[in-house]
Every structure is written in structure tokens, then in C-alpha cells.
Amino acid sequence: LWHQGESDVPLTSGPVYAEKLDSVIDTVRAEFGDVPFVIGQMVPDEIESGEPNYAVIDAVHADTPRRKAAVAYVPGPRGLYNSETEKIHYNGEGQRELGRRMWEAFAGMSPRVRRSTDNA
């Protein structure tokens, strides 16, 4: 599960970030095998109202399933950030919702994982 990128916005161009993220995926898979990789979106409200380059990193995240097999991009919940002055982090409810969405994406990619909605 991958949820990161905000600190890279002012420091890294989209193509460089994509190259580094792809390298992370390759390194994880070299160590652990062909594991699913799930990317959770940064806070959508911050992407829309913050630093203009947030959209660049978000686009890299969203494009990763096209560049790499067995990768899912999970949109984040709107309106579930800490406060009006600090939208860069999800609040507790937002973290739980993003986690639930990421789990569902992971479970859908991995035949060995039974979803919580499956019958026992």
C-alpha cells in the first residue's frame, strides 16, 4: 500500500517522480515477488486548492497502473481532511475510508484474499 507524494510536489518533476515510483515498485517486487501495489490518492481537496504541482504528482499516481502491471490507483475521499487551514492530511475518518478503499482494491487484485463482503 502506497500513500505518499505531498513532500515531492515542490522538489520533483512528474517524469522524475514517475521514474522513482516505478523503481520503488520494481525494488519491492524484486524482494517479495510479484505482489499487488495499491496507490491511495493524496487529499483531493488539497490537490485542487494547494500547490499547482499537486495535480502533476496525482496524475503520475493515477497513470501508474498503465505503466506497471498489478497496480491499482484508489481515489481519495473528499472533505475528510484535518481542518480548513490544513488540508494536506486526511482526518481519522478520511484515513479509515481511504484504507477501506485501498483494502478493497487489494482484495480485488489478490485471489488469495477474501473480501470482508464475501461469505464465509
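Gln41 is buried, at 9% relative accessible area. The model is predicted.

**Gln41**
- Gln41 sits in the loop that links β1 (37-40) to α2.
- Its burial follows from the cut-off: 9% is the relative accessible area, and buried means under 20%.
- The Gln41 side chain reaches the backbone nitrogen of Gly76 at 2.8 Å.
- Beyond residues up to four places away in sequence, Gln41 touches His3, Ile47, Asp58, Tyr73, Val74, Pro75, Gly76, Tyr90 and Leu98.

**Asp45**
- Asp45 belongs to helix α2 (residues 44-49).
- Asp45 is buried but has no salt bridge.
- Arg78 is the nearest side chain of opposite charge, 5.0 Å away; a salt bridge needs the side-chain nitrogen within 4 Å of a carboxyl oxygen.
- Setting aside neighbours within four places in sequence, Asp45 is in contact with Pro77, Arg78, Gly79, Leu80, Tyr81 and Lys87.

**Aromatic pairs**
- The structure has two aromatic pairs.
- In one of them, the ring centres of Trp103 and Phe106 are 5.6 Å apart; their planes meet at 40°, so this pair is tilted.
- Trp103 and Phe106 lie three residues apart in helix α4 (residues 92-109), so about one helical turn separates them.
- Trp103 is partly exposed, at 34% relative accessibility.
- Phe106 is also partly exposed, at 21% relative accessibility.

Note on methods: Residues numbered from 1 in each chain as written. Predicted model: local features only at pLDDT ≥ 70, side-chain atom pairs only at ≥ 80, totals over all residues. Heavy atoms only, no water. Helix = DSSP H or I, 4+ residues; strand = E, 2+ residues; numbered from the N terminus. Buried < 20%, exposed > 50% of the residue type's maximum accessible area, 1.4 Å probe, protein only. Lys, Arg positive; Asp, Glu negative; His and termini not counted. Contact = heavy atoms within 4.5 Å. Polar contact = N/O pair within 3.5 Å; in protein donor to acceptor, adjacent residues only side chain to side chain. Phe/Tyr/Trp six-rings, centres within 6.5 Å; stacked < 30°, edge-to-face > 60°.
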